[in-house]
Amino acid sequence: MDVRPSRRGLAGIGTAVLISLPMQHHGKDPLPPPAPPPAADPGVEVSVEVSGEVSLPPLLAGTFVATVKTWDTMAADERIGHARATGLLLDAGVRRKSTGDCADRRRPYCTSLENIRYGTLMRTIDLRRDSRCPVTVTGGTETGHADGHYSHGNGYKVDLAHNRCLDAYVTGTYRYWRTRADGAALYRAAPSDVRADVWADEPTHWDVLFR
């Protein structure tokens with residue numbers, strides 16, 4: 001505070017008081033600069049399979065490679081070969097096993113994925129991710145299964161080995177529907193929906209129809 005003598009007309013000596021106040025900003029204070037992104041662990045690789053383009057904000061561009069795991073449902077009825085199908089399963093952590101340790105579609109003791117529907121294969125991979133259970137394919141398109149449109153040979157069905165985790169997931173996620181003629185209990189998401197997937201509980205595996 002400053003006090004200074006001053007003359008104001010005939011009133012004689014008066015006192016003028018000058019008060020110094022801190023300056024105020026009429027706008028908002030600028031936001032602090034954004035914190036830099038955390039450094040990526042050099043020992044961890046992020047791998048993503050992208051359907052279409054993915055644009056990253058400028059701040060993140062160049063810091064890592066991002067991928068989004070997805071598949072095109074419009075291509076569900078496309079047929080793929082055994083080698084490609086096996087590769088996709090292995091990449092997703094799904095095993096394939098056969099009693100004859102072979103992949104010849106013409107032999108019933110082999111496990112072949114030749115000419116399997118893309119949708120059937122990707123639904124099997126979805127199951128592995130959603131259930132977080134071990135998934136092992138023990139039956140595919142090889143000969144020896146029942147015929148029909150929604151059959152193994154036509155690429156709609158796979159056999160998946162029993163294990164505690166998968167059994168609990170299936171019986172906890174799907175509802176009992178009915179018992180098949182051979183005694184296998186059938187499960188589906190909606191018993192009244194004829195388009196729903198069907199899980200048949202056979203002695204050594206789940207016989208699964210993915211529509």
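**Exercise 1.** With which residue does Lys157 form a salt bridge, and how far apart are the closest N and O atoms?

*Solution.* Before starting, note that this is a predicted model, in which local features need pLDDT of at least 70, side-chain atom pairs count only at pLDDT 80 or more, and totals for chains, interfaces and linings use all residues. Residues are numbered from 1 along each chain as its sequence is written, and side-chain values use heavy atoms, with hydrogens and water left out.

Step 1: apply the criterion, a side-chain nitrogen of Lys or Arg within 4 Å of a carboxyl oxygen of Asp or Glu. The partner of Lys157 is Asp207, with the closest N and O atoms 2.7 Å apart.

Step 2: check accessibility. Both Lys157 and Asp207 are buried, where buried means under 20% relative accessible area, exposed over 50% and partly exposed in between (1.4 Å probe, protein chains only).

Step 3: widen the view. Lys157 and Asp207 belong to a salt-bridge network that also links Arg180, Asp182 and Glu202.

**Exercise 2.** Which parts of the chain does the pair Asp197 and Arg123 link?

*Solution.* Step 1: the closest N and O atoms of this salt bridge are 2.2 Å apart. Step 2: Asp197 sits in the loop between β9 (185-188) and β10 (198-201), whereas Arg123 is in helix α2 (residues 118-131), 74 residues apart. Step 3: Asp197 is buried at 10% relative accessible area, while Arg123, at 25%, is partly exposed.

How values were computed. Helices (H or I, at least four residues) and strands (E, at least two) are DSSP runs, numbered from the N terminus.
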